[in-house]
Amino acid sequence: MERFLKWATELGISDFCTTTTATTTTDPCRLQIPHCCLGHSLYVSHFPDAGGRGLAAARDLRKGELILKVPKSALMMSQTILKDEKLSVAVKRHTYLSSTQVLAVCLLAEMSKGNNSWWHPYLMQLPRSYDTLANFSQFEKLALQVDDAIWVTESAVLRAELEWKKAIPIMEELELKPQLQNFKAWLWASATVSSRTMHIPWDDAGCLCPVGDFYNYAAPGEEPCGWEDLKGSGNESSLQDSSLWNKDATNYSDAEQDDVLTQRLTDGAFKEDISAYCFYARKNYKKGEQVLLSYGTYMNLELLEHYGFLLDENPNDKAFIPLEPEVYACSSLPNDSLYIHQNGKPSFALLSALRLWATPPSQRRSVGHLVYSGTQLSAENEIFVMEWIAKSCRSVLGNLPTSVEEDSLLLCAIAEVLDPNVPMEAGNALSSCGVEFSAFLEAHDLKIEDRNAGLILSEKARRWMERWRLAVQWRLRHKRILVDCISHCNEIISSLRLGHQGYQS
């Protein structure tokens, strides 16, 4: 790390502070390096329960304050690496490669140079492996349990394989080291590009940003925004859904506002006027607190697909339930806006579609304006809709192999197995993790010779188990959304029935 930070300092990377005098931190995790690019506003630290290695505040930081600047010359991007004539000529001959494939090839070409690469200090700081969906094995893929998640994983693996096969000719032409031409190496390079690049306006592949990629993720959607802000947002990203504001009695509007946030790096961007990538404090931070960066608005499955992690409490997460074809036909809103929020509340679009679907066809045209203004049509209509949603959620949960309770126990058992400070006997691991642990061992050809001996996992086996844990965490969070939705629907039904009875009496 010391060598890397010295290298970064020589490139002009700096967390300089022009308005506040930096104070010395006594954090034991802080790396003390004289004349270092960090230390005024930020320092590298470790957050075991919040992303691992990250950046901490070296002093109190104010929201919107510039806290890190990375010159354009320090950004690792295709434009810079293609100054290598041999690489540039080869890329020009293979025009069918996408911008992300080109950057991945450039990354592998620099890795092939070893110590001779100008980027070597930075390359040595990159993770050796990733947990993105494309890296999931068959066992980990099936451990997700939900068909949509399994399909997304299969698509990610297939896409990675196709991109790798298309890139093989140029890698052979460049005579990269054999171990850097195989599929495993390609998965590493493509995951590096997917999970660590920053947006730049002149290259769709983005750029790798030394020091800037130490930031861990903060989900957007925490700051409140008003109705006027929602009406004015025009270009939603492909990972977001356009929704209308819901002002009905069930109060979905607070959660719905997350869908129209259009942030990609709201706290960091390349500034043409100073030719540098600039990072700003996204909120006020106290000295020693982890400083985070918003990569954009993602569901947990998307975080897994592109970055290899997920959040236990993700304000942008959502769950989809099977709908009748006629429900989609009733809605004038996008199909992917018909979902359940992470807090268990149905989206405005889902409620609108189901309210119309529950209305006799001959009356739908006359009540459409009421539905899309967020108005409940009647107590009977609302009760029917809530009962239907709750029933659908119960049906989805009932068709999955394990329950919320079983997944919770399994996660606890996996955590115990992975804890190096609490050795677990192999037999206890088998009984705690149940049948699924036996399937894990079989899938990865791991054998237990002595059930009474301590369970010692190799580094590779631990990585497999970490990915299995991610799959279980994802499916558990998905199930909890459905369970919360059932509770929410039951509360609305009880309230409506109680109000209806009070009115009649």
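Ala205 sits in strand 5. Helices (H or I, at least four residues) and strands (E, at least two) are DSSP runs, numbered from the N terminus. Which residues does Ala205 touch, not counting residues up to four places away in sequence? They are Ser99, Thr100, Leu103, Val193 and Thr197, where contact means heavy atoms within 4.5 Å. Ser99 and Ala205 are 106 residues apart in sequence, yet their C-alpha atoms are 5.3 Å apart in space.

## About the model

This is a predicted model, in which local features need pLDDT of at least 70 and side-chain atom pairs count only at pLDDT 80 or more, while totals for chains, interfaces and linings use all residues. Residues are numbered from 1 along each chain as its sequence is written, and side-chain values use heavy atoms, with hydrogens and water left out.

## The chain as a whole

The chain contains 19 helices and 11 strands. Of its 505 residues, 54% are buried. Take the contacts in the chain with a separation of 6 or more: 71% of them involve residues 24 or more positions apart.

Helix 7 (residues 147–173) packs against helix 8 (residues 183–196) at an angle of about 105°, and their axes are 10 Å apart. Axes here are lines fitted to C-alpha atoms, for helices over the stretch in contact, and angles run from 0 to 180 degrees between N-to-C directions. So helix 7 is roughly perpendicular to helix 8 (under 35 degrees counts as roughly parallel, over 145 as roughly antiparallel, 65 to 115 as roughly perpendicular and the rest as oblique).

Where do the two helices meet? On the helix 7 side are Val157, Ala160, Glu161, Glu163, Trp164, Ala167 and Met171, and on the helix 8 side are Phe183, Trp186 and Leu187. This contact has 8 nonpolar residues, no polar ones and 2 charged ones. In this scheme Ala, Val, Leu, Ile, Met, Phe, Trp, Tyr, Cys and Pro count as nonpolar, Asp, Glu, Lys and Arg as charged, and the others, Gly among them, as polar.

## A pocket to explore

Rolling a probe the size of a water molecule over the atoms shows where empty space is left. The second largest pocket has a volume of about 550 Å³. On a 1 Å grid over the protein atoms alone, a pocket is an open set of points where a 1.4 Å probe fits, with protein on both sides within 12 Å along at least five of seven lines, and lining residues have an atom within 4 Å of a point. Grid points are joined across faces, edges and corners, and a volume is the space filled by probe spheres set on the points.

The second largest pocket is lined by 21 residues, of which Arg128, Ser129, Asn135, Lys184 and Arg467 are the closest to its centre. Helix 4 (99–113), helix 8 and helix 19 (459–504) each give two or more residues to this lining. Sorted by class, the lining has 10 nonpolar, 5 polar and 6 charged residues.

How many residues of helix 13 (residues 348–357) are buried? The count is 10 of its 10 residues, and among them are Phe348, Ser352, Arg355 and Trp357.

Cys330, in helix 12 (residues 325–330), is also buried, with a relative accessible area of 13%. Leaving aside neighbours within four places in sequence, Cys330 is in contact with Ala353, Leu356, Trp357, Arg364 and Tyr372. Between Cys330 and Ala353 the C-alpha distance is 5.8 Å, although they are 23 residues apart in sequence.

## Two loops with positive phi

Most residues other than glycine have a negative phi, and most peptide bonds are trans. Val211 has a positive phi, near 70°, and lies in the loop between strand 5 (203–208) and strand 6 (216–217). Val211 is buried, with a relative accessible area of 0%.

Ser275 also has a positive phi, near 50°. Its place is the loop between strand 7 (268–271) and strand 8 (276–280), and Ser275 is partly exposed at 34% relative accessibility.

Key:
Buried < 20%, exposed > 50% of the residue type's maximum accessible area, 1.4 Å probe, protein only.
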